[in-house]
Amino acid sequence: MSEPVRDWRPRLVALDIDGTILKWVEGSGTTREEISPAVQEAVRRAMDAGAHVVLASGRSPHGMTNVADLLELHGPGRDRLWVVASNGAVVFRYPPLDVVHEETFDARPAVEAILDRHPTALVAVEERGVGYRVNSHFPDGELSGDMIVTELDELLAAEVSRVIIRDPESTADEFVALARDLGLQGTNYVVGWTAWLDLAPVGVSKASGLEYVAKELGVSADETLAIGDGRNDVEMFEWAHRGVAMGQAIEDVLAAADAVTDSVYDDGVATELDRWFGKGSSR
């Protein structure tokens, strides 16, 4: 990672979703997701300037298409989007949703080791286009799509692209320690904002997904700007020429980035994109 040279301008812009593009706004006793007009306009300016905008998220594919729709990333005169989903395990084009690359693994050993320590933890496996198969219902709002309760043996009977482990009675710090203690051989793992653990095949991350997309687009990591706010963004910060953390990110994420922008509530994505694609930009 390095600070961009003066005449550098990204040809590929990788954007995390939750806490980066999307902010959560409370009102009338409910919470809703919102993309500010400033962020929408900044993303559009980047695309109009010729940059490839790629969404890169831990969300499953069916939980990302609505964000592409809200941002108006596709339409007449635009190429179909490239999207990195499931923390890099799935790459798809949109619209329509067409999976073009997927990495799978046998999650049973890692899941059984975790459940041995957290026997009441919740387990989810993506059921593409529908939602998730789960061993028990997750808290409301945490998973997109339907939740199909399934026996654990059936959940783990075949190789999968991603497994989510969730323990509402634990903390993120406890899960960080758990993953470190177990080693989780044969998998990559990312601990989320709470006691939420994403398991994926070894070597798979947002960075590996973006590397696949970059090759297809004929661009490189040296031409990439990546913006995010979570632990699952660290690898793409390391891969991209410029990795930028949102202002509200935790210290580990801030330390991994080349630069820090404003928080999601202060339109940090727009602040960073306008540096390269703002009105009157000479880069």
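**Notes on a predicted fold**

1. Let's start with a salt bridge: Arg44 and Glu72 meet through their side chains, 3.5 Å from N to O. The two sit in distant parts of the chain, with Arg44 in helix H1 and Glu72 in the loop between H2 and S5, 28 residues apart. A salt bridge here means a side-chain nitrogen of Lys or Arg within 4 Å of a carboxyl oxygen of Asp or Glu.

2. Residues are numbered from 1 along each chain as its sequence is written, and side-chain values use heavy atoms, leaving out hydrogens and water.

3. The cut-offs are under 20% relative accessible area for buried and over 50% for exposed, with partly exposed in between (1.4 Å probe, protein chains only).

4. How many salt bridges does the structure hold? There are 17. One of them joins Arg59 to Asp18, with 2.7 Å between the closest N and O atoms. Arg59 belongs to the loop between S4 and H2 and Asp18 to the loop between S1 and strand S2 (23–27), so this pair ties together parts 41 residues apart in sequence. Arg59 counts as buried at 16% relative accessibility, whereas Asp18, at 23%, counts as partly exposed.

5. Another salt bridge runs between Asp267 and Lys23, whose closest N and O atoms are 3.9 Å apart. Here the distant parts are the loop between strand S16 (259–260) and H9, which holds Asp267, and strand S2, which holds Lys23; that is 244 residues apart. Lys23 is buried, at 13% relative accessible area. There is also a network of salt bridges, linking Asp16, Lys206 and Asp233.

6. Now the inside. The largest nonpolar core has 40 residues, and Leu15, Leu55 and Leu273 touch the most other members. Elements that each supply at least two of its residues include strand S1 (12–15), helix H1 (37–48), strand S4 (52–56) and helix H9 (268–277). Another core, of 24 residues, lies apart from it, with Trp82 and Ala214 among them. Such a core is a set of buried Ala, Val, Leu, Ile, Met, Phe, Trp, Tyr and Cys residues joined through side-chain atoms within 4.5 Å.

7. Which residues does Leu15 touch, beyond its neighbours within four places in sequence? Its contacts (heavy atoms within 4.5 Å) include Ile21, Val43, Leu55, Ile227 and Val269.

8. Take a look at H9. Seven of its 10 residues are buried, so H9 is largely enclosed by the rest of the structure. Leu273, Trp276 and Phe277 are among the buried ones, and the cover over H9 includes S1, H1, S14 and strand S15 (242–245).

9. Two strands pair if DSSP finds at least two bridges between them. S6 and S7 have four bridges and pair in the antiparallel sense, with Phe92 opposite Val99 of S7.

10. Six of its six residues are buried, so S13 is largely enclosed by the rest of the structure. Strand S11 (residues 163–166) pairs with S13 over four bridges in the antiparallel sense, and Val163 has Leu199 as its bridge partner in S13.

11. Last, Ser60, in the loop between S4 and H2. Ser60 is buried, at a relative accessible area of 1%. Leaving aside neighbours within four places in sequence, Ser60 is in contact with residues including Ala85, Glu126, Tyr132 and Arg162.

How values were computed
Predicted model: local features only at pLDDT ≥ 70, side-chain atom pairs only at ≥ 80, totals over all residues.
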